[in-house]
Each structure stands twice: as C-alpha cells, then as structure tokens.
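Open the model in your viewer and switch to a cartoon view. Keep the sequence panel at hand. The stops below tell you what to select next.

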Amino acid sequence: MRRPRFKRLTINCAAEVEQKSYRIDSSGNTFQHGDLTIGNDGVKRDDGEEKSQFKIQFEDLQIKEKLGAGTSGVVHRALYKGENIAVKVIDIFEREKRHQILKEIRSMSKTISPFVASFMGAFFHEGSIFIALEYLDAGSLE
C-alpha cells in the first residue's frame, strides 16, 4: 500500500500584526472605539442604556503652560470660557496609552464626586485625545 503524499506544513512565526481596535474617519476628525466616539467637537458615549455627550472643542481653549508630564501624556493649564482648566494630551497611536485613556474617559464620564477632578469633556485633534478636567491648584502631589 502506498502512503499518500502530504503537503509540507509551514508555520509562520512572524510577529502578529495588531488588529486595529479603533477607527478614524476619512477626514481625520473622529476617533471611534466601542461605545465612545471622540470628535473635534467633543465625546459621545453610547453604552446601550444611556447616551451622554460632553461638548468641548480645541477652538474653545487657550492652551497655557505645561503643568506636568507622566507616562500617558502631558498636562497643560488652559483657559475655557475664562476659567482655568487642566487639559491632558495623549497620543492615540501608542496602544497602551490609548487603552488607558479610553478607560479613563469611560469611568470619568460616569463619575460625579467632590473627591475627584470633574470631567468636562474630551476631543480628538491632530492625532491626540485631549481630556478637559477641573483645574485643581493645590500644587503637586510630589
């Protein structure tokens, strides 16, 4: 009895290409990931039960001095409608930073507490996500 000929098995061990878990529209003005849509006009969250929207735009801000930098991005003081706010700027093209900031936006958009800086909104501008937060001028935690 003759053995059947089998095709030689090859295994590709090349690094896996990351599947994009997000989408940027063709105009480059809107970033979408799951229930979050972050555009140049603010953030919308649709979690199936409720829709919430936080409108703030880059044009509404006057970016001032850098307050600090961390592992996920840079924080600046900015003026919004004459009020001081803190603006966190994160590059979305770094995977770990992107996932961390999306979790932060999801949780902060649901949180109302006198013990947490208030979330004022977020927007997408030139490849970065900007998060607007209540400015706390009590100094550094360091």
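Which strands are included in what covers the buried residues of H1? The cover includes S2 (30-33), S3 (36-39), S4 (42-46), S8 (83-91), S9 and S10 (128-134). Keep in mind that you are looking at a predicted model.

**Stop 1: the whole chain**

Colour by secondary structure. The protein has 1 helix and 10 strands. Reading from the N terminus, the elements run β-β-β-β-β-β-β-β-α-β-β. Of the 142 residues, 32% are buried. Among contacts with a separation of 6 or more, 47% join residues 24 or more positions apart.

**Stop 2: helix H1**

Select residues 95-108, which make up helix H1. H1 has 14 residues and spans 20 Å from its first C-alpha to its last, close to the 20 Å expected. Now show side chains. Arg-98, Ile-101, Leu-102, Glu-104, Ile-105 and Met-108 are buried. They sit on the same side of H1, because they cover an arc of only 160° around the axis. The general rule behind such a pattern is that an α-helix has 3.6 residues a turn, so residues three or four places apart point the same way. Turn to the face away from the buried side. There you find the exposed residues Glu-96 and Lys-103.

**Stop 3: Glu-104**

Stay in H1 and select Glu-104. Is Glu-104 buried or exposed? Its relative accessibility is 17%, so Glu-104 counts as buried, the cut-off being under 20%. The side chains of Glu-104 and Lys-88 are joined by a polar contact of 3.0 Å. Beyond its neighbours within four places in sequence, Glu-104 is in contact with Lys-88 and Ile-131. Those two residues lead to the next stop.

**Stop 4**

Lys-88 has Ile-131 in S10 as its bridge partner. S8 and S10 pair in the antiparallel sense over 7 bridges. H1 lies across S8, S9 and S10, and runs at about 35° to S10.

Zoom out to the open sheet of 5 strands. The order is S6-S7-S8-S10-S9, with antiparallel pairing. S6 (61-69) and S9 stand at the edges, each with a single partner strand, so one side of each is left without a neighbour in the sheet. From one strand to the next, the twist averages 30°.

**Stop 5: along the pairings**

Select S7 (residues 74-80) together with S8. They run antiparallel and are joined by 7 bridges. Find His-76, which stands opposite Val-87 in S8. Then go to the hairpin of S7 and S8. It has 2 residues between the strands, and Lys-81 takes a positive phi near 55°.

Move across to S9 and S10. This antiparallel pair is joined by 6 bridges. Here Phe-123 stands opposite Phe-130 in S10.

**Stop 6: Lys-110**

Where is Lys-110? Lys-110 is in the loop between helix H1 (95-108) and strand S9 (119-125). Lys-110 is exposed, with a relative accessible area of 55%. Exposed here requires over 50%, which is why this residue qualifies. Finish by drawing a distance from Lys-110 to Arg-45. The two residues are 65 residues apart along the chain, and their C-alpha atoms are separated by 9.9 Å.

Key. Residues numbered from 1 in each chain as written. Predicted model: local features only at pLDDT ≥ 70, side-chain atom pairs only at ≥ 80, totals over all residues. Heavy atoms only, no water. Helix = DSSP H or I, 4+ residues; strand = E, 2+ residues; numbered from the N terminus. Buried < 20%, exposed > 50% of the residue type's maximum accessible area, 1.4 Å probe, protein only. Expected span 1.5 Å × (residues − 1). Arc of directions from axis to C-beta. Contact = heavy atoms within 4.5 Å. Polar contact = N/O pair within 3.5 Å; in protein donor to acceptor, adjacent residues only side chain to side chain. Pairing = 2+ DSSP bridges. Axes fitted to C-alpha atoms, helices over the stretch in contact; angles between N-to-C directions.
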